[in-house]
Amino acid sequence: MRIDLHTHSCESDGTQSPAEVVAAAAVTGLDVVALTDHDTTSGWRQAAAAADRLGLRLVRGMEVSCSAGGISVHLLSYLHDPASPALLAETERARQSRELRARRMVDRLGADVALTWEQVQRHVVEGATIGRPHIADALVAQGVVADREEAFEHFLSAHGPYHVRHYAPDPVAAVRLVVAAGGVPVMAHPLARLRGRVVGDDVIEAMVDAGLAGLEVEHRDITPPDREHLRALARRLGLFTTGSSDYHGSGKPNVLGENMTAPDVLDEILARGNRVAVNGG
Ligand code: AMP
Ligand code: FE
Ligand code: FE
Ligand code: ZN
């Protein structure tokens, strides 16, 4: 069983449609793929139809943007009820704040480089969750940088002069909302220091007290020593661990299936999650 539990489509900052992500998963030889767009479930229907057609199992997921006192935390939610009002209210608030924040960042960038809001919008699918990668795509199209990596390095870094923060819920509160929505909460890429500041074990322990079920340990942004630390932490706290690609189409070098999750862990997620939200079974 080849299982990849973290991918993005153009409903957030991936470059392929949900159906294309599932088709790419089939070509790669995956048996199970989760679609986990940032703060939205709008790709689920299309991805599920593609999964049924191609004989894959889709795990419906979402990556909830969180902020612990200004430190970005990403929380994967699997199999939650997408209509659960409290969780939906938080992700919608984050999505609206992301829009305003993107406009502010483009205003700041526009003072120094040739970039307009219209140019950025060309790279955002209607209704998608907007993020810095869309600004990066516009900078690439303008010939300012070669790729998203370079855009982040020179213009979009959280430490740079153009960065603006957006609203995101506290991760402990977000775990409670996912659980209340019937979902299975898994912390995405903990200790991914390459991305910026990371939260300490104290925050992870508070998330566990709120119902956190697992840690995404096998992920390219986490170093081998940090993975070792996280495995020990997971054993101590009674959490399962997952491995995933965090595929973003051509927007990132991450390839589908580069890290995978064990079948018994998938079984646990399916057993704990809202049964209604699983296709094909
Ligand atoms: P945002 O959600 O707007 O804060 O942007 C964060 C997103 O940008 C992450 O979900 C990644 O998909 C993407 N990202 C972060 N760092 C990089 C990078 N160095 N190169 C390409 N994409 C990145
Ligand atoms: Fe992303
Ligand atoms: Fe993430
Ligand atoms: Zn992700």
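Reader: What makes Glu 63 count as buried or exposed?

Author: Glu 63 is called buried because its relative accessible area is 1%, and buried means under 20% (exposed is over 50%, partly exposed in between; 1.4 Å probe, protein chains only). Asp 246, with 2%, is buried too. Keep in mind that this is a predicted model, where local features need pLDDT of at least 70, side-chain atom pairs count only at pLDDT 80 or more, and totals for chains, interfaces and linings use all residues. Residues are numbered from 1 along each chain as its sequence is written, chains are lettered from A and ligands numbered from 1 in the order in which they are written, and side-chain values use heavy atoms, leaving out hydrogens and water.

Reader: Which residues are protein donors of the zinc ion (ligand 4), and how do you know?

Author: They are His 6 (NE2), His 8 (NE2), Glu 63 (OE) and Asp 246 (OD), at 2.1 to 2.3 Å. Donors are N, O and S atoms within 2.8 Å of the metal (3.2 Å for Na, K and Ca), so these qualify; water is not among the atoms, so sites may look incomplete.

Reader: Why is the site of the zinc ion (ligand 4) called irregular?

Author: The angles among its 4 donor atoms run from 77 to 168°. Four donors count as tetrahedral if all angles lie between 85 and 135 degrees; four count as square planar and six as octahedral if opposite donors are over 155 degrees apart and all others between 65 and 115; anything else is irregular. Helices (H or I, at least four residues) and strands (E, at least two) are DSSP runs, numbered from the N terminus.

Reader: And which protein donors does the iron ion (ligand 3) have?

Author: Glu 63 (OE) turns up again, with His 74 (ND1) and His 189 (NE2), at 2.0 to 2.2 Å. Glu 63 and His 189 are 126 residues apart, and both are buried.

Reader: What makes α5 roughly perpendicular to α6?

Author: Helix α5 (residues 132-141) and helix α6 (residues 148-156) pack at about 105°. Roughly perpendicular covers 65 to 115 degrees (under 35 is roughly parallel, over 145 roughly antiparallel, the rest oblique), so α5 gets that label against α6.

Technical notes
Axes are lines fitted to C-alpha atoms, for helices over the stretch in contact, and angles run from 0 to 180 degrees between N-to-C directions.
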